[in-house]
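Trainee: I am new to this structure. Please take one close look at helix packing, and go through it step by step.

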Amino acid sequence: MLAMTFLRRPGTILALVTIGLGLNLRASILLGPHLHDRFAASPGWYVALIGLPVLVAALVRLPVGVLTDRYGVRVMLPAVSLVGALSVAGLGLARSLPAIVIAGAFAGVASSSFVVGAALVARMFPYGRRGRMLGIFGLGVAVAVACSALSWALDREGRLSALVLAGLLVAFAALSAVMIREPAPAGGAGSVVRECAALIRLASTSSVTLLYVVALSGMVSIAVFLPVHLVTTLHFAWFDALAVTGSVVTLASVARLVGACYPRTRLLATCYGVAAGLSVVVALAASSYIQVGAIAGIALCDGVAGGGLLALIGRAAPPGSAGAIMGVTGAAGSLGALVPPLLIVALPSHAAAWSLLAAVLVAAALYVRTSDLRVGLGLPVRFRPEHSPTTTTVAVLGEPDTRRGAAAVVARLAELATNDELLVVYGVGEQPGRGLSAAGLAAGLRARLPRHSVIALAVHDDPVQLGRDALHLVEHFEAGTLTIAVTQVRAQDRVAADLSIYLQADRVLAVSYDPASGAELFAVQ
């Protein structure tokens, strides 16, 4: 496992990148105020143009994530912040609508700071604290709202505040380059374009991607498009629409912290179900106050679900691939943020659009309830094997070891299988327990290692019968199959010792789960 040590205090770095995230997010949505206050854009043009920074964000988040894994946070975080600074400076200096639109669209690059910062947090904190720290990092959204309110109060036109924001981003880029210290990145061979294409293919063939889109896109969509929805549909004044949007987004960012502290798939399913019901309320309610309240409730549910899912993603991400994983999920979230306004425009009525969103949320809730392990495992991004001689390893664990941290245990075994020739000895009880079944363990490893062949075979604990069973295991093992030997939990240690002799294994490791440090390996004497 890639060890990540940081010379500066992690809390200080977390505070720095959270503030930097807020500045960058403010830069990424700065086009909206300029369109409305300086050029009085019509609602139709506003919706069309304000989506450009979101589209740019969707295009750049994945390559930024891949480059973060290759060149490190210390390089990429200042880089995206400087691009954001140049874009908002262009917004402040430009005098024509085309120039404003171009500068504002490029400001979408600044939102990729979320990908870089989340990768840093995932590497910087241990398993048990990672979800909570990612939730705190997500409070950068509240920092962006505070910046928006301050700039609205002091500089209604927005040109001076854009130049001030550009200066703050330059200062943040310099400070982050000085303060962030991290081990040299492992880097990566091959083309960045090819790696991005491989990740896109992976995401497009995974049913979990839709869940990421539903969970991570809501806050972006609300922050960008809710003001114009309130103005055109519910006839709010522009200032009131901005105030309501800012309040809702701030509450949703706090809700994201709550979800990150309690990343449970049952909570995810509940949030999606409640949000689906509230979407129906928005579709049917006649009162604007009821609609606004329901939309606020949807935002809170989305915040809790998004925080919980972000924590699960961060926990499951191998440190060396954290940038790529955050990049592909962030890109999916940005693309998903464009869906609600497109539905509202394309469908004959707002009620139809909200009803369709409710159906999607119901589907997401049902998927989470039936795919607990797969959600916890995240996307099956390939591990980068360590450059070391191949070791033959027997890993032993029992069904009780998977009752609390099944996803972490499966991910740890999958990582081990990329470096070692691995045989897993899995002990199960006579009656089904609350942990993974042998078939569930095999399915989890297949999901995490899609290019591996995985098979589970029952073996006897009687020495004579075990000798015969070992012949079949060796055949699969030598063929390169990741083999799971299933036995009784009371006999798992003895069976592992005997099979290690048949295989002439170099080591026997016990697998256990601890909430603070995740799945760990211990040598068996």
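**Helix packing**

Mentor: Helix 1 and helix 8 cross in a right-handed way. Helices here are DSSP runs of H or I with at least four residues, numbered from the N terminus.

Before going on, know what you are looking at. This is a predicted model, in which local features need pLDDT of at least 70, side-chain atom pairs count only at pLDDT 80 or more, and totals for chains, interfaces and linings use all residues. Residues are numbered from 1 along each chain as its sequence is written, and side-chain values use heavy atoms, leaving out hydrogens and water.

Two packed helices are described by the angle between their axes and the distance between the axes. The axes are lines fitted to C-alpha atoms over the stretch in contact, and angles run from 0 to 180 degrees between N-to-C directions.

Back to the pair. Helix 1 covers residues 10-28 and helix 8 covers residues 140-154. Their axes come within 7 Å and cross at roughly 55°. That angle makes helix 1 oblique to helix 8. The cut-offs are these: under 35 degrees is roughly parallel, over 145 roughly antiparallel, 65 to 115 roughly perpendicular, and the rest oblique.

Now the residues. Contact means heavy atoms within 4.5 Å. From helix 1 come Thr18, Ile19, Leu21, Gly22, Leu23, Leu25 and Arg26. Helix 8 answers with Gly140, Val141, Val143, Ala144, Cys147, Ser148 and Ser151. Sorted by class, this contact has eight nonpolar, five polar and one charged residues. Nonpolar means Ala, Val, Leu, Ile, Met, Phe, Trp, Tyr, Cys and Pro; charged means Asp, Glu, Lys and Arg; the others, Gly among them, are polar.

Next, helix 13 (residues 265-284) and helix 14 (residues 288-316). They pack at about 160°, with axes 9 Å apart. That makes helix 13 roughly antiparallel to helix 14. Their crossing is left-handed. On the helix 13 side, the contact includes Thr265, Leu267, Cys271, Tyr272 and Val282. On the helix 14 side, Ile290, Gln291, Gly297, Cys301 and Leu312 are among them. The contact of helix 13 with helix 14 splits into 18 nonpolar, five polar and no charged residues.

Last, helix 4 (residues 73-93) and helix 5 (residues 97-106). Their axes come within 8 Å and cross at roughly 160°. That makes helix 4 roughly antiparallel to helix 5. Helix 4 passes helix 5 in a left-handed crossing. Val83, Ser87, Gly90 and Leu91 of helix 4 meet Ile100, Ala103, Gly104 and Phe106 of helix 5. By class, the contact of helix 4 with helix 5 has five nonpolar, three polar and no charged residues.

To recap: helix 1 is oblique to helix 8. Helix 13 is roughly antiparallel to helix 14. Helix 4 is roughly antiparallel to helix 5.

Key
Helices (H or I, at least four residues) and strands (E, at least two) are DSSP runs, numbered from the N terminus. A crossing is left-handed if the near helix is turned anticlockwise from the far one by less than a right angle, and right-handed if clockwise.
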